[in-house]
Amino acid sequence: MILGKFIRQGGNILLLAIGIFFLAGALLSLDLGTARRMGPGFFPMALGAILCVLAAIEIIATQKREESPNLPELRSIVAIIGSGIVFAVGTPMAGVMPATFVTVVVASYADPRLSPISRVALGVSVSVGVW
């Protein structure tokens, strides 16, 4: 029972750890500045604090729920990881615009409800937005 709750909280605990990492890094090694002249550590400190608060809220809310977690589909995992690989390989070979288009089309396979025309339209719209 306890292990199941811990596994359900894995993502939330990871977000909390990332927030603490950024918060501690900003507080320990960067100048925060003043309210008038914010230093380079203010933004990571603020984002780390916000992430910690949101993760803590989600951890508490998930503890109160008794539902089982929804596991992601294998198709979605393969599509998202594949899109990252396509972008990493495609950018040096073809440039940012074509790599972005192909990446979005590959990532859109995570949603089985999209038609091929919708996938292409999504790829074109994101590529235009990048341009």
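This is a predicted model: local features need pLDDT of at least 70, side-chain atom pairs count only at pLDDT 80 or more; totals for chains, interfaces and linings use all residues.
Ground rules. I number residues from 1 along each chain as its sequence is written, and side-chain values use heavy atoms, without hydrogens and water. Local features need pLDDT of at least 70 and side-chain atom pairs count only at pLDDT 80 or more, while totals for chains, interfaces and linings use all residues.

Entry 1, Q9. I found Q9 in the loop between α1 (2–8) and α2 (10–29); helices are DSSP runs of H or I, at least four residues, numbered from the N terminus. Q9 has 4% relative accessibility and so counts as buried (under 20% relative accessible area; exposed is over 50%, partly exposed in between; 1.4 Å probe, protein chains only). Its side chain makes a polar contact with the side chain of N12 at 2.9 Å (N or O atoms within 3.5 Å, one able to donate a hydrogen and the other to accept it; residues adjacent in sequence count only if both atoms are side-chain atoms). Leaving aside neighbours within four places in sequence, I list I59, T62 and Q63 in contact with Q9 (heavy atoms within 4.5 Å).

I looked up how α5 (residues 96–107) packs on α6 (residues 116–130): the angle is about 145° and the axes are 8 Å apart (lines fitted to C-alpha atoms over the stretch in contact, angles from 0 to 180 degrees between N-to-C directions). Among the residues that meet are F101 of α5 and L122 of α6.

My search of the whole structure gave one aromatic pair (ring centres within 6.5 Å). The rings of F21 and F22 have centres 5.7 Å apart and planes at 85°, so the pair is edge-to-face (planes over 60 degrees apart). F21 is exposed at 58%, and F22 is partly exposed at 44%.

Definitions and conventions:
Helices (H or I, at least four residues) and strands (E, at least two) are DSSP runs, numbered from the N terminus. Rings of Phe, Tyr and Trp (its six-membered ring) pair if their centres lie within 6.5 Å; planes under 30 degrees apart count as stacked, over 60 as edge-to-face and the rest as tilted.
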